[in-house]
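Dear colleague,

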Amino acid sequence: MRTVFGVFGDPIAHSRSPDMHNAAFRELGMECSYHAFRVSPSKLRDALLGAKAMGFGGVNLTVPLKQEALKIVDADPLAASIGAINTVDFKEEMRGYNTDGTGAKRTLEEKGVMIANSRVLIVGAGGASRAIAFQFAKDGADITIANRTAGKAIELASDVSAVGIASGCGLENLKGLIADSDILINCTTLGMHPHTEGTIATAQDMHPGLTVFDIVYNPLETRLVKEAKKAGAKAVTGEMMLIYQGAEAFKIWTGVEPPIDVMKKAVLEGF
Ligand code: ATR
């Protein structure tokens, strides 16, 4: 009998996770399948208990369920400090993890970018920013979080300070902050389809030693990524974070390292 995996969220129709995970299961000859399920926050408890009772191998959670899951699932320490769960494992009790930060970390490491001791500027203070800021602070980076609503950046930085070095501010001095950074990460929705002209920075704000990582992957090459290339900076596109957060979840559930190239091909075919 096949072991079933899934992603719960709402909306969920456009999730690329089923194609990505099913391609990996096929490649490895594993008797498993992965499906998308539309689940609202008020039904999350029932859905998780049902999935566990039916012998699911594990599930991913996406918007708007990641925070709600903390009330239901036993979170590992990193997910608990981030305040969001994107991966649930059913092997023993229900255990929750957050692989968004590790996904971002692997994305940069695979490109040869060092995180420890680097000066990282994260623009945006939503869920993605939170996961990356905690992971990178834990890994020894010096984090600055800049956000349109400065109060949210200051609050997030204060939480992150529990595990590492972090400060928060508004966007007024973004150019100066970029000049003082090794890594710039866009965690805002600026540049996302259909507003593809939006960008947090242009080429003239950047320097050649800078790594620019845009977590937006729709379009694949955002305006920010184009600007980074123009400036001679190292540009890193967002689809790899999607792939690596999925790969980390796959490992938690199965103990197996999935084939990244196969997952990437499946994700890119969906564009
Ligand atoms: P996610 O969970 O994917 O991180 P989110 O929680 O909706 O997304 O956060 C979106 C981020 O994009 C926020 O930091 C938001 O800034 P505010 O906190 O001030 O709302 C940022 N953002 C969205 N539109 C923006 C814009 N036009 N200019 C600057 N920042 C923007």
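A residue counts as buried under 20% relative accessible area, as exposed over 50% and as partly exposed in between, with a 1.4 Å probe and protein chains only. By this rule Asn117 is exposed, because its relative accessible area is 71%. Asn117 also has a positive phi of about 65°, although it is not a glycine. Its place is the loop between H4 and strand E7 (119-123); helices (H or I, at least four residues) and strands (E, at least two) are DSSP runs, numbered from the N terminus.

The basis of these notes is as follows. The model is predicted, so local features need pLDDT of at least 70 and side-chain atom pairs count only at pLDDT 80 or more, whereas totals for chains, interfaces and linings use all residues. Residues are numbered from 1 along each chain as its sequence is written, and side-chain values use heavy atoms, with hydrogens and water left out.

Helix packing

Two packed helices are described by the angle between their axes and the distance between the axes. Axes are lines fitted to C-alpha atoms, for helices over the stretch in contact, and angles run from 0 to 180 degrees between N-to-C directions. Helix H1 (residues 17-28) packs with helix H10 (residues 260-269) at about 140°, the axes being 8 Å apart. H1 and H10 are therefore oblique to each other (under 35 degrees is roughly parallel, over 145 roughly antiparallel, 65 to 115 roughly perpendicular and the rest oblique). H1 contributes Asp19, Met20, His21, Ala23, Ala24 and Glu27 to the contact, and H10 contributes Val262, Met263, Ala266 and Val267; contact means heavy atoms within 4.5 Å. Of the residues in this contact, seven are nonpolar, one is polar and two are charged (nonpolar: Ala, Val, Leu, Ile, Met, Phe, Trp, Tyr, Cys and Pro; charged: Asp, Glu, Lys and Arg; polar: the others, Gly among them).

Helix H4 (residues 100-110) and helix H5 (residues 127-138) pack at about 65°, with axes 7 Å apart. Here Asp100, Gly101, Thr102, Ala104, Lys105 and Leu108 of H4 meet Ala131, Ile132, Gln135 and Phe136 of H5.

Seven aromatic pairs are found in the whole structure. Rings of Phe, Tyr and Trp (its six-membered ring) pair if their centres lie within 6.5 Å; planes under 30 degrees apart are stacked, over 60 edge-to-face and the rest tilted. Phe5 and Trp253 form a tilted pair, at 5.2 Å centre to centre and 40° between the planes. Because Phe5 lies in strand E1 (residues 3-9) and Trp253 in helix H9 (residues 239-254), the pair ties together parts that are 248 residues apart in sequence. Phe5 is buried at 3% relative accessibility, and Trp253 is buried at 6%.

Ring pairs link Phe5, Phe25, Tyr34, Phe250 and Trp253 into a cluster. Phe25 belongs to helix H1 and is buried at 1% relative accessibility. His21 is also found in helix H1, and it is buried at 0%. Beyond residues up to four places away in sequence, His21 touches Tyr34, Asn60, Gly246, Phe250, Trp253 and Met263.

Cis peptide bonds

His193 and Pro194 are joined by a cis peptide bond, with omega about 10°. Another cis peptide bond joins Asn218 and Pro219, with omega about 15°.

Yours sincerely
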